[in-house]
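Let's take a walk through this fold together. Have a look at the model below, and then we'll go from the whole chain down to a single residue.

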Amino acid sequence: MAAAHATYEVVTRDSAGRIASRQVRAATAAEALAQSTRGGFTVLSCEAAKDSGAGLGGLGSLVRGKSVAPSRSGLDTASFSQDFAALIDAGLSVTEALQTLSLKETAGARRELLEQVTRAVSEGRNLSAAMQLTGAFPELLVATVEASERTGDLGKGLARYAAHQREMQALKDKLIGASVYPLVLLVVGGLVVMFLMGVVIPRFAGLLDGTRTQLPMLSSGLMAWGRLVADQPWVLALFFGGVFALGAWVVAHFRAHGVRSRWLQRIPYIAGVIREFQHLQLYRTMSILVSRGIVIHRAMEHGTKLLGDADRERLERAIVLMREGLSMSAALSGAGLSDAVATSMLKVAERTGSMSEMLERIAQFYERRLQRSIDVATRVIEPALMIVIGTVIGAIVVLMYLPIFDLASTLS
């Protein structure tokens with residue numbers, strides 16, 4: 001049987017010293033290294049690609065959120081970039097700024113990471129190459145630093161990246177805040193239903209055992225459940241154990257590579273929100289890189305990892321069309337990666353040459369629309385959950401009390 005292929009993130013450097021990152025499909029890491037060294041490239045790092053999707057509790061991890069996640073050492077890249085920019089603007093050299101930041105860190109892993117970067121810079125490597133070698137910094141930050149080194153405005157590039165991170169984090173926090181109340185409703189409603197089904201109904205069914213009241217079908221079924229639980233308590237334990245086991249299996253299943261993204265993108269409204277967030281990250285990433293002097297084609301290549309599988313293929317086709325001479329607005333519009341507003345703004349940017357500013361405006365447009373989508377979802381989901389939970393609990397209570405009403409009418 002042929003070995004299953006996996007995806008590896010490979011960082012290479014060519015003969016001119018340019019660093020690039022790409023994904024390679026191979027059966028083993030050794031095979032990925034062999035593929036990547038063809039053409040005279042030097043491999044700087046090679047590691048298995050990790051799932052970048054996540055749940056709606058944190059949209060950044062849900063939708064390929066590498067640019068909003070901290071580094072693997074736990075370093076807050078937004079704060080790091082902001083502090084680094086302030087030190088550079090204050091007149092410190094790169095090495096002095098790194099040493100200062102490493103002294104400020106209290107956690108051993110983060111301090112070791114910064115000391116590792118400091119040593120690499122002291123040995124003569126560029127800051128971007130030193131950060132790339134650690135494998136702990138987001139690709140967007142590394143690309144921003146690399147471009148800023150060419151233009152000589154490292155502080156400005158770091159400040160721009162920090163601003164981007166803060167905006168993404170604010171959007172993520174907004175989504176988490178909007179998710180809290182529905183989750184509380186689900187948990188409280190579930191606990192109430194469990195209490196009624198496991199404690200109240202079994203006792204209530206025992207009170208009706210001596211009566212000969214003709215019960216409605218649904219009430220009869222509910223009382224039968226109560227008598228079963230009262231006589232066989234293990235049935236209740238088995239039932240709720242199965243529910244919790246099913247929940248644990250679902251959680252474990254959704255943590256597998258790409259599963260969460262595929263399932264969430266099948267939900268019509270949620271899929272639209274995810275796609276808007278991905279496009280927001282794409283345009284903001286391109287804006288940052290273009291403002292640092294990176295050509296638009298390469299900036300778009302960096303943005304492919306922020307998209308879902310279908311949109312990534314569309315963007316790759318758009319890049320090919322642009323290399324063949326098609327305009328960016330026409331290529332992205334034809335690929336379905338820009339709506340009418342974004343296409344019109346791109347056409348203006350192509351005429352005026354203000355591509356970086358226009359890409360940022362498009363990102364802001366998507367951000368405002370995404371915030372409106374979150375607000376609408378919050379207004380719809382919360383009352384819908386309250387209606388569903390109230391209906392379930394109310395139905396259980398009514399079915400439970402129908403026998404009392406029948407018994408009272410019989411006695412009267």
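Of the 412 residues in this chain, 43% count as buried, meaning under 20% relative accessible area with a 1.4 Å probe and protein chains only (over 50% is exposed, and in between is partly exposed). Keep in mind that this is a predicted model, where local features need pLDDT of at least 70, side-chain atom pairs count only at pLDDT 80 or more, and totals for chains, interfaces and linings use all residues. Residues are numbered from 1 along each chain as its sequence is written, and side-chain values use heavy atoms, with hydrogens and water left out.

What is the chain built from? It has 17 helices and three strands; these are DSSP runs numbered from the N terminus, with helices being H or I of at least four residues and strands being E of at least two. Now for contacts, which means heavy atoms within 4.5 Å. Among those with a separation of 6 or more, 61% come from residues 24 or more positions apart.

Next, look inside. In soluble globular proteins, nonpolar side chains tend to be buried together. Here, the largest nonpolar core holds 68 residues, and Phe80, Tyr283 and Met328 have the most contacts inside it. Such a core is a set of buried Ala, Val, Leu, Ile, Met, Phe, Trp, Tyr and Cys residues joined through side-chain atoms within 4.5 Å. There's also a second, separate core of 19 residues, which includes Met223, Val229, Leu236 and Met400.

Helix H4 covers residues 94–104, and Ala97, Leu98, Leu101 and Ser102 are buried in it. Seen down the axis of H4, these buried residues fall within an arc of 135°, so they line one face of the helix; the arc is that of the directions from the helix axis to the C-beta atoms. They pack against helices H3 (77–89), H5 (108–122) and H6 (127–134).

Finally, zoom in on Ser338, in the loop between helix H15 (328–334) and helix H16 (340–352). Is Ser338 buried or exposed? It counts as buried, because its relative accessibility is 9%. The side chains of Ser338 and Thr343 are joined by a polar contact of 2.9 Å, that is, a pair of N or O atoms within 3.5 Å; within protein, one must be able to donate a hydrogen and the other to accept it, and residues adjacent in sequence count only if both atoms are side-chain atoms. A polar atom of the Ser338 side chain also lies 3.3 Å from the backbone nitrogen of Ser333. Ser338 touches Tyr283 too, although the two are 55 residues apart in sequence; C-alpha to C-alpha, they are 9.9 Å apart in space.

Definitions and conventions: Lists of a residue's contacts leave out its neighbours within four places in sequence.
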